Amino acid sequence: MPQAAIEISGLRKVYGQGDTAVEALKEVNMRIQPGEVVGLIGPSGSGKSTLLKCLGAVTEPTAGEIRFNGETVYANGWRVGDIRALRRDRIGFVFQAPYLIPFLDVTDNVALLPMLAGRPNAEARARALDLLTALDVAHRARAQVSQLSGGEQQRVAIARALANQPPVILADEPTAPLDSERALTVVRILNQMAQQYRTAIIVVTHDEKIIPTFRRIYHIRDGRTYEEAGEGRAF
Amino acid sequence: MISLAGRDILHAWGKYVFTGLGLGLLIGVTLSMAGIYRGMVDDAKVLLRNSGADIWVVQKDTLGPYAEPSSLHDDIYRSLLGLPGVARAANATYLTMQVRRSDEDVRVMVVGITPGQPGEPGYLLAGRRLTRSHYEAIADIKAGLAQGEKVRIRRNDYTVVGLTRRMVSSSGDPMLFIPLKDAQAAQFLKDNEAIRNDRARTAANPALNRPGVPGLIEAIDASKTESRSVNAVLVQVAPGWPPAAVAENIRRWKYLQAYTVADMEDILVSKLISTSARQIGMFLVILAIVSAAIVSFIIYTMTLSKVREIAVLKLIGTRNRTIAGMILQQALGLGLIAFVVGKTVATLWAPHFPKYVLLEPGDAIRGFFAVMAICALASTLAIRTALKVDPAEAIGG
């Protein structure tokens, strides 16, 4: 069995203690290969956001295990010294809204991550330009964020998520504000990028338009995940 | 690594610069207040220096001509000239009053001097010194009088023959120098009705209007209308004599109060303007607190408007110190703009103040560091808020 980009087993998250304790995640198991894009679907309150926060290392799980590219990063406690570096170097984030930094231009929004990782500015900007070219927004490289369309902003956000070549990208309803055509374009881009950069992408979504595009879907209900084969419909 | 603070400032530079301008005006007021205090002290020192006196001799147990009323006979200077160490001595009178200038009143301190003696202004900007015995004046330019202009003091008109500067009283009234005799008349001479009334009273007094003593009543009347008083005698000491020793001699042998320049400085600075200084000091403290509060609110509001960006920055791995540095740099940048604006406007509007405003480089340097310290301190609230932002806010849910 090839090494998974991300592997989660027996993940639990309990908020509070004693009588007031709420078990948001009871038993989460996932395994996603490099270059694979999977959907994560579930009703409100099912634990999607909690799972995303645990995988994004912004909330500490209560128990279980998380491995990135075979390396254990969480096993009943974080196994990495610098959580911030873990988020910066090994996890990419794409949000419902692009949440680009408005005071940086397009290139520097993408280059900021490699710069934070200590790479020289020139090298970080070259990497950003490569990604912007791959995502077909290189012509807006010097533009301010406010000058971009919604679709362009989302592409820049995807470029930013890929900037440090993380093994995992967490996409939280990335197509929610987009119409069908643009939503499918974003999913197509995510699939292309996953293939090109061998990154595993988890797309949390309610969007009926894009659900048929996933080859594999994880349903989450009452804090438990259930795997299902998707339609994997062509774009 | 790029400067996040710099980029954020450039992104909304108009708002940032205008905020700095507003704060700068406040700092300009603060620097001006310090300048007003320095100006008062400097005015006092320049006044003492320009008068050319080493010792001020005044009525016993009084604080001198600028601080308290003092009355001396105008012949005392002759006996002072006989004391060892006294090179020159001259009478002087001081009276703050309204003088009439064509169709308006001007508030001045009228100083009676003996031309060529201690007490006259040290230098002139225009015109000449007093040469005639009567009806000439030298005015400080702050009085707004022009050379050749006439001013009315009591019953007489005086022609301004010279202009000087930096000769103002401790309350900021410009000085108008006139001949001593005229000043004595202006200060002590009664009006005609009062003189006639006085004469009638004397004549009606049988003890003073005695038969068989010819000339007595005339002598009494004459003594009442003559002005033989001055407020101070200004003394210059002979070379090689310490002013403190000469002053001590005067106190010992003449039963008068004698102040050296240092004593007079102490009286003017420590006593006369100390209340004003405390008032200004209090105002400075309040302005500093208000400035700190305003910077604090501005930086805090700027930070609150960026909570989502800060959450994203933290989520993608930005260190706390980078975020804190960004806020601190913005606060310091704001302080820098505000200081430059404040210093500039204070310099520009200082000459337009009715009283002298002295902006000392030392105050400016201290002000700069105070502004920077206040800005750094004010940014701590915003930094605390930023560091508390949960990166999870970027994810939502």
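The model is predicted, so local features need pLDDT of at least 70 and side-chain atom pairs count only at pLDDT 80 or more, while totals for chains, interfaces and linings use all residues. Residues are numbered from 1 along each chain as its sequence is written, chains are lettered from A in the order in which they are written, and side-chain values use heavy atoms, without hydrogens or water.

**Helix α6 of chain A**

Select residues 180-197 of chain A, which form helix α6 (a DSSP run of H or I, at least four residues, numbered from the N terminus). Its buried residues include A183(A), V187(A), L190(A) and Y197(A); buried means under 20% relative accessible area with a 1.4 Å probe, protein chains only, exposed over 50%, and partly exposed in between. After the helix comes R198(A), with a positive phi near 55°.

**Aromatic rings**

Next, select Y74(A) and W78(A), whose ring centres lie 5.2 Å apart with planes at 75°, so the pair is edge-to-face. Rings of Phe, Tyr and Trp (its six-membered ring) pair if their centres lie within 6.5 Å; planes under 30 degrees apart count as stacked, over 60 as edge-to-face and the rest as tilted. Y74(A) is buried at 1% relative accessibility, and W78(A) is buried at 19%.

Move to F339(B) and F368(B), an edge-to-face pair with centres 5.3 Å apart and planes at 70°. F339(B) belongs to helix α11 and F368(B) to helix α12 of chain B, 29 residues apart.

How values were computed. Helices (H or I, at least four residues) and strands (E, at least two) are DSSP runs, numbered from the N terminus. The expected span of a helix is 1.5 Å times one less than its number of residues.
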